[in-house]
Amino acid sequence: MASQATDINLVERFLDFLKTKNLRNTPERTTLLDYIAACHGHFTIEMIQQMARDNAFHVSRATIYNTVNLLVEARLLRRYDIEGRQIQFELSSRAPHAHLVCNSCGKVKEVSDKYFISFMNTRRYQAFTTEYYSLFQYGTCSTCARRFKREAGDTTKKKK
């Protein structure tokens with residue numbers, strides 16, 4: 001049984017998917033779904049594995065991977081392979097947003113841009129139905145930019 005923190009619709013959709021695939025709903029799958037539903041934003045397999053450890057829930061890494069892959073196949077999770085970083089996932093029910101990826105520290109920040117979302121919602125393509133979209137913008141976060149500026153200033157002072 002799923003915890004109250006887990007969206008009932010999410011559980012029902014997963015159970016329906018498992019039935020269509022003739023797969024059982026196991027306690028491991030249900031508990032992992034609870035952990036995933038508790039994640040706010042992006043998460044990794046390692047984060048779910050740590051949540052299981054923190055809760056003394058013994059589950060194999062393979063079971064976590066298999067469950068996450070089933071949730072992706074069921075279109076309940078989205079998988080993001082962010083250039084050069086760990087594969088991340090998020091619930092597909094989250095509102096559309098863009099991802100700002102720092103090329104220096106790797107931090108990923110989510111931003112909601114109502115103009116971009118509005119524009120994307122008006123786009124129609126022949127012989128194609130959009131289910132979702134994602135946008136990744138790569139650059140330098142303000143923290144790294146300040147650090148680079150400080151480091152450049154230190155170098156200039158040392159040269160004098």
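Predicted model: local features only at pLDDT ≥ 70, side-chain atom pairs only at ≥ 80, totals over all residues.
Residues are numbered from 1 along each chain as its sequence is written, and side-chain values rest on heavy atoms, with hydrogens and water left out.

The chain contains 6 helices and 5 strands. Helices (H or I, at least four residues) and strands (E, at least two) are DSSP runs, numbered from the N terminus. Their order from the N terminus is α-α-α-α-β-β-β-β-α-β-α. The radius of gyration is 20 Å, well over the 15 Å that the globule rule gives for 160 residues, so the chain is more spread out than a compact globule. Here the radius of gyration is taken over C-alpha atoms, and the globule rule is 2.2 Å times the number of residues to the power 0.38. Along the principal axes, the C-alpha atoms fill a box of roughly 70 × 50 × 25 Å.

Of the 160 residues, 32% count as buried. Buried means under 20% relative accessible area, exposed over 50%, and partly exposed in between (1.4 Å probe, protein chains only). The accessible surface of the chain comes to about 10,900 Å². Carbon and sulfur atoms hold 51% of that surface. Areas come from the Shrake-Rupley method with a 1.4 Å probe; for residues, only the protein chains shown count as cover. Among contacts with a separation of 6 or more, 51% join residues 24 or more positions apart. Contact means heavy atoms within 4.5 Å.

The chain carries 25 positive and 16 negative charges, and their mean positions are 9 Å apart. Lys and Arg count as positive and Asp and Glu as negative; His and the chain ends are not counted. Each charge is placed at NZ of Lys, CZ of Arg, CG of Asp or CD of Glu.

The largest nonpolar core has 25 residues. Such a core is a set of buried Ala, Val, Leu, Ile, Met, Phe, Trp, Tyr and Cys residues joined through side-chain atoms within 4.5 Å. F14, I36, I48 and L77 have the most contacts inside this core. At least two core residues come from each of α1 (8-20), α2 (27-38), α3 (45-54), α4 (61-73) and β2 (88-91). Beyond its neighbours within four places in sequence, I36 contacts F43, I48, V68, L71, L77 and L91.

Helix α2 also holds Y35. Y35 is buried, at a relative accessible area of 10%. Leaving out residues up to four places away in sequence, Y35 touches I48, M51, A52, N55 and F57. Y35 and D154 lie 119 residues apart in sequence, and 45 Å separates their C-alpha atoms.

D34 is another residue of α2. With a relative accessible area of 14%, D34 is buried. V11, in helix α1, also counts as buried, at 15% relative accessibility. V11 and D34 are 23 residues apart in sequence and 9.0 Å apart in space, C-alpha to C-alpha. D34 and V101, 67 residues apart in sequence, are 28 Å apart in space by the C-alpha atoms.

T67 sits in helix α4 and is buried, with a relative accessible area of 2%. Its neighbours within four places in sequence aside, T67 contacts R29 and L32. T44 is in the loop between α2 and α3. At 6% relative accessibility, T44 counts as buried. The C-alpha atoms of T44 and Q88 are separated by 4.8 Å, although the two residues are 44 apart along the chain.

Two alanines have a positive phi. Most residues other than glycine have a negative phi. Phi of A56 is near 55°. A56 is in the loop between α3 and α4 and is exposed, with a relative accessible area of 57%. A127 has a positive phi of about 60°. This residue belongs to the loop between α5 (114-122) and β5 (135-139). A127 is exposed, at a relative accessible area of 82%.
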